[in-house]
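Me: I'd like to go through a model with you, one topic at a time. Could you put it up first?

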Amino acid sequence: MKSFPLLLLAMATLCPIAIVAQDLPIEADPVAVVMSSNNEVHEVGDTIYQGGSYTGPAPIEIRFLSRVTSDRTNLRYEWAVCTDANCENAILTRYDEDMDYTFMSAGTTYIQLRISDTDSLYIDYYSLPISITVSESMLELPNAFSPNGDGINDRYTVRHQSLVSFEAHIFNRWGQELYSWSIGNIDDGWDGTYKGKTVSNGVYFIVVVAEGADGIEYKKKSSINVMTGISDGYNNGTYNQ
């Protein structure tokens, strides 16, 4: 009987306990990649690591990547979208391994990755939250441009930030609409033509209705001086607030 413990010890030495991948701790290194902001595509996206932050104008489109490094297959992913820094109260949860999310509202939002075992649903991994801040909105209208083909100030474009809706209409002095554009092509602006021909020098008018990510509504009317005879020495007209 006294040799029995020695026998167990010898068996344990000869037959070590196997550790399978499912027993390993969950390890990950999540990041967020900025795909676009203010309707401008980021060809090389800014990368934000867990615990980091990003501030920019809306809409901000971000791709969240879980990047699990441990060899586990029985995983359940939860991306918690929160308004508090500790991410204790999620306003939305997505259950994908990776997630695309577009931020439209002004203020700071926190994103945390939580990973659990599909058998127990016990959350074994919490990332540090990534904070995304949408800046306040802004809209300014220039009062002049020179569509003369010299490559400088040839298009009428607005200055904008964090707009979630936008619609602009150009009229001549008799109230005839010459051109319009919206949020989808907000940066294209107007090239100073009507039915394929450049309009005459003179005063035209723009009417804009827009809304910011911060809830501010814009209803603006302004005059536009079209100056086709101005050379490249002219540098952008002043902006109306």
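This is a predicted model: local features need pLDDT of at least 70, side-chain atom pairs count only at pLDDT 80 or more; totals for chains, interfaces and linings use all residues.

Me: Ok, how many helices and strands does the chain have?

Reply: There is one helix, and there are 21 strands, where helices (H or I, at least four residues) and strands (E, at least two) are DSSP runs numbered from the N terminus.

Me: And what share of the residues is buried?

Reply: Of the 241 residues, 40% count as buried, where buried means under 20% relative accessible area, exposed over 50% and partly exposed in between, with a 1.4 Å probe and protein chains only.

Me: Let's turn to the open sheet of five strands; what is the order?

Reply: The order is 13-20-19-15-16, with mixed pairing, and two strands pair if DSSP finds at least two bridges between them. The edge strands are strand 13 and strand 16 (177-182), each of which pairs on one side only.

Me: Which way does strand 20 run against strand 13, parallel or antiparallel?

Reply: Strand 13 (residues 144-145) and strand 20 run parallel and are joined by two bridges, with Val-226 of strand 20 as the bridge partner of Phe-145. Strand 19 (residues 202-212), by contrast, pairs with strand 20 in the antiparallel sense over ten bridges, and Val-209 stands opposite Lys-219 there.

Me: What sits between strand 19 and strand 20 in that hairpin?

Reply: Four residues lie between the strands, and Gly-215 takes a positive phi near 90° in this hairpin.

Me: Which residues of strand 20 make up the covered face?

Reply: Strand 20 (residues 217-226) has Tyr-218, Lys-220, Ser-222, Ile-224 and Val-226 on the covered face, whereas Glu-217, Lys-219, Lys-221, Ser-223 and Asn-225 form the uncovered one.

Me: New topic: where is Ser-137, and is that residue buried or exposed?

Reply: Ser-137 is in the loop between strand 11 (130-134) and strand 12 (138-142), and because its relative accessible area is 11%, Ser-137 is buried.

Me: What does the side chain of Ser-137 make a polar contact with?

Reply: One partner is the side chain of Asp-214, at 2.7 Å, and another is the side chain of Tyr-218, at 2.8 Å. A polar contact here is a pair of N or O atoms within 3.5 Å; within protein, one must be able to donate a hydrogen and the other to accept it, and residues adjacent in sequence count only if both atoms are side-chain atoms.

Me: Last topic, how many aromatic pairs are there?

Reply: The count comes to eight aromatic pairs, taking rings of Phe, Tyr and Trp (its six-membered ring) whose centres lie within 6.5 Å, with planes under 30 degrees apart counted as stacked, over 60 as edge-to-face and the rest as tilted. Phe-64 and Trp-79 have ring centres 5.6 Å apart and planes at 50°, so the pair is tilted. This pair links distant parts of the chain, with Phe-64 in strand 5 (residues 60-65) and Trp-79 in strand 6 (residues 75-82), 15 residues apart.

Me: Which residues form one aromatic cluster?

Reply: Phe-64, Trp-79, Tyr-101 and Phe-103 do; Phe-64 is buried, with a relative accessible area of 0%, and Trp-79 is buried too, at 2%.

Note on methods
Residues are numbered from 1 along each chain as its sequence is written. Side-chain values use heavy atoms; hydrogens and water are left out.
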